Amino acid sequence: MQRYVLSDSGHPTVKMAALGSWALWSSCSRGWSRAVSGCRLPGLRSSSPRGPLGARLLSQEKEATETHFGFETVSEEEKGGKGERVYQVFESVAKKYDVMNDMMSLGIHRVWKDLLLWKMRPFPGTQLLDVAGGTGDIAFRFLNYVQAQHQRKQKKQLRAQQNLSWEEIARKYQNEEDSLGGSRVMVCDINKEMLKIGKQKAHAQGYKAGLAWILGDAEELPFDDDKFDVYTIAFGIRNVTHIDQALQEAHRVLKPGGRFLCLEFSQVNNPLVSRLYDVYSFQVIPVLGEVIAGDWKSYQYLVESIRQFPSQEEFKEMIEDAGFQKVTYENLTSGIVAIHSGFKL
């Protein structure tokens, strides 16, 4: 006789069955559906796993497609990408983003960002990629730093040439085309509104040279391998759906010897400060968001997303898993924020 069974590919195949297999077939003669559910025929795969193992696999599959949005559990598709919930949060807060940063941190965020640049210590010709940097805070600090560094170098050279006349000194300054010494920064952000605010600030403050704005996703950067000397991300990586993927992308686009720097909210290591910080975060910040930006929910999410972010040690391990070496971190303001550093070696 001929018998049809399902192969691993899901297509029926014809096999010659021995007469003895007729007993197996007849024992399930109440229909093909019962044969499928009650008999394990060669090549037949059940569409829904059964038993404890099957339930566990289905649970893991469900968990793999879910993530957190603040304290809320949502699908990965619902959280990430353009038009989704994180995107909508930053689209909503973009116009008041800088004002709210000053209000929420009492201006301390400016010191934290200055410390990030101090830790970076960019050299002349540094190629920086600033991810999730839409409003330009890190980029502008970088440009100021490298320009001041280049000017100091130029003055030092002129002082060494005491025999030059004032006309020759003036001519040397006028012939200086690149005041940044070859340094460049690319600001990459997934949110158009954030980039729009950053561009407006750059125009108002006179930043033109050495600055580019790129619409792009931290999880799939639109850049070639081994392109940048430094990768920075400030207060952005906790909003990424797949943090591990963003870290792998950071490693990919950095040149050998390149440096990864992340400034992010972290876990407070002082019990008293932690209690005060929780009260301020959950009872004051959303109210400020409502009063100043007319948006309670977005700032409630931002507070909750901070609590969901991995601890300093856990994040350090994630950076190492992405391939970075010599990974360290420095706590600022009792661990309210931390700067993580790693190298592509």
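A salt bridge here is a side-chain nitrogen of Lys or Arg within 4 Å of a carboxyl oxygen of Asp or Glu. Keep that cut-off handy for this tour of a predicted model. By that count, the structure holds 13 salt bridges.

**Stop 1: a salt-bridge network.** Select D98, K113, D137 and K201, and show their side chains: these four are linked in a network of salt bridges. Now zoom in on K201 and D98, whose side chains meet at 2.9 Å, N to O. K201 lies in helix α10 (residues 192-205) and D98 in helix α6 (residues 97-105), so this contact ties together parts 103 residues apart in sequence. Buried or partly exposed: which is K201? With a relative accessible area of 15%, K201 is buried.

**Stop 2: from strand to strand.** Next, pick D229 and K255, another salt bridge, this time at 3.4 Å from N to O. Color the two strands while you're here: D229 belongs to β8 (residues 228-234) and K255 to β9 (residues 254-265), and the pair links distant parts of the chain, 26 residues apart. D229 is buried, with 15% relative accessible area, while K255 is partly exposed at 29%.

Stop 3: R238 sits in the loop between β8 and α11, and E264 is in β9, so the bridge ties together parts that are 26 residues apart in sequence.

**Stop 4: out to the negative patch.** Time for the surface. Select D244, E313, E314, E317 and D321, which gather there in a patch of negative charge. Which helix supplies the largest share? That's α15 (residues 312-321), with four residues of the patch. D244 is found in helix α11 (residues 243-253). Its relative accessibility is 43%, so D244 counts as partly exposed.

How values were computed
Residues are numbered from 1 along each chain as its sequence is written. This is a predicted model: local features need pLDDT of at least 70, side-chain atom pairs count only at pLDDT 80 or more; totals for chains, interfaces and linings use all residues. Side-chain values use heavy atoms; hydrogens and water are left out. Patches are made of residues with over 30% relative accessible area and no salt bridge: like charges are joined within 9 Å, nonpolar side chains (Val, Leu, Ile, Met, Phe, Trp, Tyr) within 5 Å. Accessible areas come from the Shrake-Rupley method with a 1.4 Å probe; for residues, only the protein chains shown count as cover. Lys and Arg count as positive and Asp and Glu as negative; His and the chain ends are not counted. The place of a charge is taken as NZ of Lys, CZ of Arg, CG of Asp or CD of Glu. Buried means under 20% relative accessible area, exposed over 50%, partly exposed in between (1.4 Å probe, protein chains only).
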